[in-house]
Every structure is written in structure tokens, then in C-alpha cells.
Amino acid sequence: MATLRELKGRIGSVASTEKITGAMKMISSAKMRKAEMALRRLVPFRESIRGIIANLLASDAEFTSHLTEAREVRRLAVVAFGSDDGLCGAYNANLFKFVQSHVAGLRASVGEGLQVEIYAVGSKMLKATARLGAESGIEVLQPEGVDSKTDGDSVKDMLERLMQRFLNGEIDRVDLAYMRYHSAGRQRPVAEQLLPVDSEALAGENAAQSSRPYIYEPDAASIFATMLPMHLLATLQDAFAENRASEQAARVMAMQAASDNARKLLEQLQLEYNKLRQQSITTELLDIVGGQARD
């Protein structure tokens, strides 16, 4: 049985843990709000580009781009997003399982001969997929200069490398696997095809928008060729932003759970301490009364 001193030490330790997890939850909440605002700022840019492309596709002009050319998929690249930091619950584990499932599903539909390479974004995803690569012959790569917190020019450089490899025929398809942010308590893993661009699906997403008459200068085909890489950049930036917001949301929930568990344990230890203290007082009183009776 634990002594009063031991229980008091445990209580102090758990109380400190509760304070730390509470502070970490507040920090993660602030980071989540910042990531959520960044995600919202991307929406107008993304929607504007998609609207312009939808209007272009609705016109009578003919469009050709190597970025939209679908071909037999023999080599697939999956950009798998994760985190660089821990303490976010089952966030990375859920993403890793989803990547495994996505690759297995594609191999089942395309054939076991499908060659797969994974671009792991985030050290946690890199560590998990490295084991997967050793077991199933998947090539695991780490994008140069890119991590889960990357933004701006580094994302653009990564996209240019992927597009160049696709145009050179080194890879036949590029998918994004990331956690989509819905709310602080709800995030869902999704897989999205980045390359080749499905122009029919893109036009269908924006079919509800009214197609207004435009005067194209220099011509619609040139504008389409310019807008397509911008659409891909917006899609990749959106995936990074969604993933950052989801990571912080998962960390908020993990810290909340840790704080709640610490509070429950603190209550149990305090109750046990009070019982043991009362028992000790009662024993001392009985000894005093017994001594007086003998006298």
C-alpha cells in the first residue's frame, strides 16, 4: 500500500501533467485557428481558378495539354501527408492505414505489377512508409526541402518536379493522400488525383456556375495552358493547408483527452489520499484512547 508521502508525490506529478496538457491544448488551439484561417484564404483563389477553367471548357474552343493526357498506369506516385511532430493521437496512424488501403486498392484494380513510389511529407509518415516500402517493394522518397509545415515557393518547386516527371513519362499518375479538415472534431482521410488532370470532372464540379461570355486574349487554348498549372498549384497548396489544420485539430483533441484523464486520475488519487489520511488519524486516536484506558 502506498504511503501518504508517495500519494502526495503522485498527486503533485499528475497536477503538473494536467497543467502542461492544458497549456499545450491552448497552444494547439491557437495554431489550429491560424491554419483554419490560412485554409479559408485559399478558397477564393482556388474557386476563381476553377471557375475560369470551367468557363473555358464550356466554350467552343479546343483544348489540348499533356497534363490532361491519361495513359496506362504502370508507375504511380502517391504524395502521402503526415506530421513532423507527435502528440496528435492516432492522426498519423490513421493516415498511414489509409495510404496502405489506397495503394492496395489501386494494385487490385490495376494489377500487382503496378510500381508505386510514395513521397512522404512529414517525418512521421516517412518513418511509417519506410517500413511499408521494405515489406512490399514500394519506393519511398522524401521531397527535397518539404515537410508538413512547408508553404509558398517550396510547394511550387515540388509541383514542378512532379509535373516534369509526369511529362517525361517517369510516372503515369500522381495521387494526394491527406487528412481533410471539416471541423475541430472531424477530419477524414481522402485520396485525390492530381495528375493527369481530369478536365471532365473539373468541368462537372463547376457546372452549376453560369458560363458568362468572355473575350479571350491571346486565345482560349493559351489561357487554358497557363491556368492548368495554377489549378494544380492551388490543389497542392490546399492539401498542405488541410493537412496542417487537421493535424492541429487532432492535437487539440489529444491534449483535451490527456487533460481529462489527468483530472480523473487526480480525483482518484486525492480520494485515496484522503482515505489513507483519515485512516492514519483514526489509528492514532485509537492508540491514544487505548493508552488512556490502560492508565
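A residue counts as buried when its relative accessible area is under 20%. By that cut-off, 8 of the 11 residues of strand β4 are buried, so β4 is largely enclosed by the rest of the structure. The model described here is a predicted one. Its strands β3, β2, β1, β4 and β5 form, in that order, an open sheet with mixed pairing.

- The open sheet has 5 strands.
- Its edge strands are β3, residues 139-141, and β5, residues 186-195, each of which pairs on one side only.
- On average, neighbouring strands of the sheet are turned by 25° against each other, with direction ignored.

**Strand pairs**

- Strands β2 and β3 run parallel and are joined by 3 bridges, with β2 spanning residues 115-121.
- Tyr119 has Leu141 in β3 as its bridge partner.
- Strands β1 and β2 also run parallel, and 7 bridges join them.
- Ala80 stands opposite Ala120 of β2.
- On the β4 side, β1 pairs in the parallel sense over 5 bridges.
- Val79 has Leu176 in β4 as its bridge partner, while Val78 stands opposite Asp175 in β4.
- The pairing of β4 with β5 is antiparallel and extends over 9 bridges.
- Arg180 stands opposite Arg188 in β5, and Met179 has Pro189 in β5 as its bridge partner.
- β4 is joined to β5 by a hairpin through 2 residues.

**Burial of strand β1**

- In a regular strand, side chains alternate between the two faces of the sheet.
- Both faces of β1 are covered: Arg75, Ala77, Val79 and Phe81 are buried on one side, and Leu76, Val78 and Ala80 are buried on the other.
- Because 7 of the 7 residues of β1 are buried, this strand is largely enclosed by the rest of the structure.

- Together, β1, α2 and β2 make a right-handed β-α-β unit.
- Helix α4, residues 153-167, lies across β1, β2, β3, β4 and β5.
- The angle at which α4 runs to β5 is about 45°.

**Aromatic rings**

- A pair of aromatic rings is described by the distance of the centres and the angle of the planes.
- A search of the whole structure finds 2 aromatic pairs.
- In the pair of Phe81 and Tyr178, the ring centres are 6.2 Å apart and the planes stand at 80°, so the pair is edge-to-face.
- That pair links distant parts of the chain, with Phe81 in strand β1 and Tyr178 in strand β4, 97 residues apart.
- Phe81 has a relative accessible area of 1% and is buried, and Tyr178 counts as buried at 0% relative accessibility.
- In the pair of Phe81 and Phe240, the ring centres are 4.8 Å apart and the planes stand at 85°, so this pair is edge-to-face.
- Phe81 in strand β1 and Phe240 in helix α6 (residues 220-294) are 159 residues apart, and their pair links distant parts of the chain.
- Phe81 and Phe240 are both buried.
- Through these ring pairs, Phe81, Tyr178 and Phe240 are linked into a cluster.

**A charge over a ring**

- Arg71 lies over the face of Phe166, at 4.3 Å from the ring centre.

- Leu4 has its place in helix α1, residues 4-58.
- The relative accessible area of Leu4 is 28%, and this residue is partly exposed.
- With neighbours within four places in sequence left aside, Leu4 is in contact with Tyr273, Leu276, Arg277 and Ser280.

Technical notes: Residues are numbered from 1 along each chain as its sequence is written. This is a predicted model: local features need pLDDT of at least 70, side-chain atom pairs count only at pLDDT 80 or more; totals for chains, interfaces and linings use all residues. Side-chain values use heavy atoms; hydrogens and water are left out. Two strands pair if DSSP finds at least two bridges between them. Helices (H or I, at least four residues) and strands (E, at least two) are DSSP runs, numbered from the N terminus. Axes are lines fitted to C-alpha atoms, for helices over the stretch in contact, and angles run from 0 to 180 degrees between N-to-C directions. Contact means heavy atoms within 4.5 Å. Rings of Phe, Tyr and Trp (its six-membered ring) pair if their centres lie within 6.5 Å; planes under 30 degrees apart count as stacked, over 60 as edge-to-face and the rest as tilted. Buried means under 20% relative accessible area, exposed over 50%, partly exposed in between (1.4 Å probe, protein chains only). A charge sits over a ring if NZ of Lys or CZ of Arg is within 6 Å of the ring centre and within 35 degrees of the ring normal. A crossover is right-handed if, with the strands pointing away from the viewer, the path from the first strand over the helix to the second runs clockwise.
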